[in-house]
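Biologist: Please put the model on the screen. I will ask about it, and I would like each reply to end on the value or name asked for.

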Amino acid sequence: MTTLNPRIGGMLVGYYRLCPRKAWLSMRGLWMEQESDAVALGRLLDDHSYSRDEKHLSIDAEAPDGTELVGKIDRTNLKNGVLHETKKGRACEDSHRWQLRFYLWLLYLNGVTRFNGQPFTGQIDYPLLRRTEPVTLDAEHITELATTVSAIRSIAAQETPPPRLTKRVFCTKCAFEELCYG
């Protein structure tokens, strides 16, 4: 099976930034998260945190290379122009930042700005840690996101998965660990 024109979403961008092999496996329909207690806890947090705020804004866009992009934003504060992404912990925080930047990029590609013409900003919420982290999108991030989308398209066309990570720091917490190393 070859996926030449995948729809690319924020979660896939996050997976790719963390581990290209995980992104490839996900594009092939292999989802191991349903077995993961950590992922179940993350979903529970998402469902029950900030319950009075608006949740799950969906947005589509087309990348400069024509790739279909999709995003499902955890919640928004439109009045203040902030997109929120809720996460359980900071173990994959760089991946979290790129996922949220991807959603900011989707708004940018659609020409959506705050009421005053300024771009939206992002905030990663870690309710268990009682912490937040601001996230912005700049020109370098936009270039990097376009490169990431191109790279994801390239690995989608591969018949075999990218190699396993040599540094397994993250892998011990990954739902795919047994599939990759078992």
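This is a predicted model: local features need pLDDT of at least 70, side-chain atom pairs count only at pLDDT 80 or more; totals for chains, interfaces and linings use all residues.

Biologist: With which residue does the side chain of Asp 94 meet in a salt bridge?

Modeller: The N to O distance is 3.6 Å, and a salt bridge needs the two atoms within 4 Å. Both residues are in helix H4, three residues apart, so about one helical turn separates them. The partner of Asp 94 is Arg 97.

Biologist: How far apart are the closest N and O atoms of Glu 93 and Arg 97?

Modeller: Helix H4 covers residues 93-109, and Glu 93 and Arg 97 are four residues apart in it, which means a separation of about one helical turn. The two form a salt bridge. The closest N and O atoms are apart by 3.3 Å.

Biologist: Is Arg 97 buried or exposed?

Modeller: Glu 93, a salt-bridge partner of Arg 97, is partly exposed at 22%. The limit for buried is under 20% relative accessible area. Arg 97 has 19%, so the class is buried.

Biologist: Which residue is linked with Glu 93, Asp 94 and Arg 97 in a network of salt bridges?

Modeller: Glu 93 and Asp 94 each form a salt bridge with Arg 97. The network holds one further name beside these, Glu 133.

Biologist: How many salt bridges does the count come to?

Modeller: Among them is the pair of Glu 68 and Arg 7, at 3.4 Å from N to O. This pair links distant parts of the chain, 61 residues apart, with Glu 68 in strand E3 and Arg 7 in the segment before strand E1. Glu 68 is partly exposed, with a relative accessible area of 38%. The count comes to seven.

Biologist: Which side chain does a polar contact join to that of Arg 75?

Modeller: Arg 75 lies in strand E3, residues 68-77. The relative accessible area of Arg 75 is 7%, so Arg 75 is buried. The contact is 2.8 Å, and a polar contact has to be within 3.5 Å.

Biologist: What is the geometry of the ring pair Phe 102 and Tyr 103?

Modeller: The whole structure has two aromatic pairs. In the pair of Phe 102 and Tyr 103, the ring centres are 6.0 Å apart and the planes are at 65°. Planes over 60 degrees apart fall in one class, so the pair is edge-to-face.

Biologist: Which residue forms one aromatic cluster with Phe 102 and Tyr 103?

Modeller: Phe 102 is buried at 0% relative accessibility, and Tyr 103 is buried at 3%. The cluster also takes in Trp 105.

Biologist: Which element gives the most to the lining of the second largest pocket?

Modeller: The volume of this pocket is about 160 Å³. Its lining includes Leu 104, Leu 107, Tyr 108, Phe 120 and Ile 142. With three residues, the element that gives the most is H4.

Biologist: How many residues of that lining are nonpolar?

Modeller: Among the lining residues are Gly 111, Thr 113, Thr 121 and Thr 136, and these types count as polar. The lining of the second largest pocket has four polar residues and no charged ones. The nonpolar residues number eight.

Key:
Residues are numbered from 1 along each chain as its sequence is written. Side-chain values use heavy atoms; hydrogens and water are left out. Helices (H or I, at least four residues) and strands (E, at least two) are DSSP runs, numbered from the N terminus. Buried means under 20% relative accessible area, exposed over 50%, partly exposed in between (1.4 Å probe, protein chains only). A polar contact is a pair of N or O atoms within 3.5 Å; within protein, one must be able to donate a hydrogen and the other to accept it, and residues adjacent in sequence count only if both atoms are side-chain atoms. On a 1 Å grid over the protein atoms alone, a cavity is a set of points where a 1.4 Å probe fits but cannot get out, and a pocket is an open set with protein on both sides within 12 Å along at least five of seven lines; lining residues have an atom within 4 Å of a point. Grid points are joined across faces, edges and corners, and a volume is the space filled by probe spheres set on the points. Rings of Phe, Tyr and Trp (its six-membered ring) pair if their centres lie within 6.5 Å; planes under 30 degrees apart count as stacked, over 60 as edge-to-face and the rest as tilted.
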